[in-house]
Amino acid sequence: MGSGASKNTEEEEDGSNGGGGQLYVSLKMENSKVEGELTPHVYGSVPLIGSWDPSKALPLLRESASMSELSFVVPPDHETLDFKFLLKPKYSETPCIVEEGHNRLLTGGSLQGDSRVALFKLEGDVIVEFRVFIKADRVSPFDLAASWRAYRENFQPSTVRGIPDVSMNPDQTAIEHCPSETLELDLEHYEVPAPAPSANSSLVYAADNAENPRSLSASGSFVNDNTTNAASNSPRTSGVSVDGSPAAKEMKVIVPDTSDIDLDSGVGESKSVGILSPIQQKDGQKGLFVDRGVGSPRLVKSISASSFLADLKPDAQTKNSIPAAAGAVAAAAVADQMLGPKEDRHLAIVLVGLPARGKTFTAEKLTRYLRWLGHDTKHFNVGKYRRLKHGVNQCADFFRADNPEGVEARTEVAALAMEDMIGWMQEGGQVGIFDATNSTRARRNMLMKMAEGKCKIIFLETLCNDERIIERNIRLKIQQSPDYAEETDFEAGVRDFRDRLANYERVYEPVEEGSYIKMIDMVSGNGGQIQVNNISGYLPGRIVFFLVNTHLTPRPILLTRHGESMDNVRGRTGGDSVISESGKIYAKKLANFVEKRLKNEKAASIWTSTLQRTILTASSIVGFPKVQWRALDEINSGVCDGMTYEEIKKNMPEEYESRQKDKLRYRYPRGESYLDVIQRLEPVIIELERQRAPVVVISHQAVLRALYAYFADRPLKEIPQIEMPLHTIIEIQMGVSGVQEKRYKLMD
């Protein structure tokens, strides 16, 4: 193509420019009066636009009612591009109408002459005039990799185009088998251990995953942080170590006076989510840095349009309002920071409910979801504080409302956990999940008094009237809770827990104050009711939406990458290539596996991306509906699409280095970052939570890393390094006892 006056020295040395720069040509034509039966086209001297053959002219696409546009790449072996516009009748075989005047010329990337209007002479000597906009940019071939490959793929159409977004194979369709593809009946033969950081296949009591008390020393015992007044503040020695043995001096906790709290202040009457609280102007508004991704410019937003703070040093409150996320999450954080009250920067979700109602399970799921979205979230379980401070061998009498010592001890650890949570928020934490029964108005008043001016409280009450679910939860509690670890008689443990439950029921007061969410019989996933009061804001709204779609029904979710693709063989990123011979073998092994693993699960479904390597991998699976998700497509590598990492390192060293430094936030030019992928996967997560039947997800490495991180509760920074090998199935078992994982490697 056109050789400009100067060339890039590196391109000349390595020959990557093909003897000259490429041109990215943008053409636009505007006319508001022409009827739709005449469509603008362009043709000219290069094969891409027809080599002067009107039948091969490229159409301009309608951009608006009056504007049509076309962009294309001119290959580098044309010094000069000659072209003209023409109008083609849309519904008849009449000849094309070529514009009047001489050819338009692009030489060396520059338009020769003026960008004149395009004149067309119609029947009856009627002249039609189009305004023309022509732009040609000389760019690197790497910047155009995706566009150029898309042009070439027009001659090699996808082998799976035309398949609907939802398809169903008949049950009677046979799967082809051969000895090399047969899967043994014993699925455990293929089971492999999960990576060490996520090996959680054994049952783990959910509360044990909550935060440890801040006053817990390295030896596992409570200590007083104020060493100067230790003697006067802690006269008694009733602390215990992690294993329940006597250990250290008791920490004195001052329980705030709740007598002056106004229960009616600020309490709305509405039962809807959409109420907006009054906007309170904060003093000293500051500009905010919004990170749009490594490699992209950072935007500075400010209250004042005329100035901004270049030397911004966000304090803990500012820092916590901007999560390590993208898109709507980051935008909502900025809006809350700049428009919301000071305490809205921190959110406390305070659980309320009788024992065995799924509070801890709900708290753990909500913590996992918010962390995955990029919000700094921690789970504070008061029962864990109680066990560490007062031991695990507390009988039902300890929980009686007429036991002053028990009431004082339980109030003390609740206040200690709340102080820890507020302290963590003041250091930058954003969302705290406060997990306890909180079954009386007096306890909730105490918590609201402690949180006043420091964080916004939303009560989350779980109510269950299904005796079968309650009975199941009681028995799981006896099996898993450390409170009954030393109880050898299972039925005696059940009786004691029932007595404990009865003690709570006698004094239980449902939530009627403040902002709250009530989940009524929601745990089964078969209906139920959710009530909200005085709830507003982006994050509380997302929490409500998540809770509406969550339940405890056990079901497996199978995650797997597509079979090996031709681009995997070549080491190239992205693309839409077919699967290799090895990938075809895996597709049949996967079908055999799914048939045996889900043979009794008629309601199961298969989810794939819209790229043909996942669709082809799923093609051998029969008897289950298949759903294509655009959200499950591989991370968009933008201009690097189709390149190897060695090519990126050689030709785009700055991009390569930026990616190596921060793979989580690095955004490919004209592409995506891992944070972008997480944002588009949120609807997938919500739907996976809502499903009550097994789901097989066939997707891509970056996407599955993000999905797996949600279920395994892995930190965002670890997502780009999560192991996600080819030809391996990761089975996530979701249920009332939490999330467990198994891995099956079907092929090397």
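Trainee: Is Val 117 buried, exposed or partly exposed, and why?

Mentor: Buried means under 20% relative accessible area and exposed means over 50%, with partly exposed in between. In this predicted model, Val 117 has 34% relative accessibility, so the residue counts as partly exposed. Val 117 sits in the loop between β9 (110–111) and β10 (118–121).

Trainee: What does Ser 481 touch, leaving out residues up to four places away in sequence?

Mentor: Tyr 205, Arg 387 and Leu 476 are in contact with Ser 481.

Trainee: How many residues of helix α6 are buried?

Mentor: Of the 15 residues in α6, 13 are buried, so the helix is mostly covered. Helix α6 covers residues 359–373 and reaches 21 Å from its first C-alpha to its last, close to the 21 Å expected at 1.5 Å a residue. Just after α6, Gly 374 has a positive phi of about 110°.

Trainee: How many helices and strands are in the protein chain?

Mentor: The protein chain has 19 helices and 27 strands. Of its 748 residues, 51% count as buried. Among contacts with a separation of 6 or more, 71% are between residues 24 or more positions apart.

Key: Residues numbered from 1 in each chain as written. Predicted model: local features only at pLDDT ≥ 70, side-chain atom pairs only at ≥ 80, totals over all residues. Heavy atoms only, no water. Helix = DSSP H or I, 4+ residues; strand = E, 2+ residues; numbered from the N terminus. Expected span 1.5 Å × (residues − 1). Buried < 20%, exposed > 50% of the residue type's maximum accessible area, 1.4 Å probe, protein only. Contact = heavy atoms within 4.5 Å.
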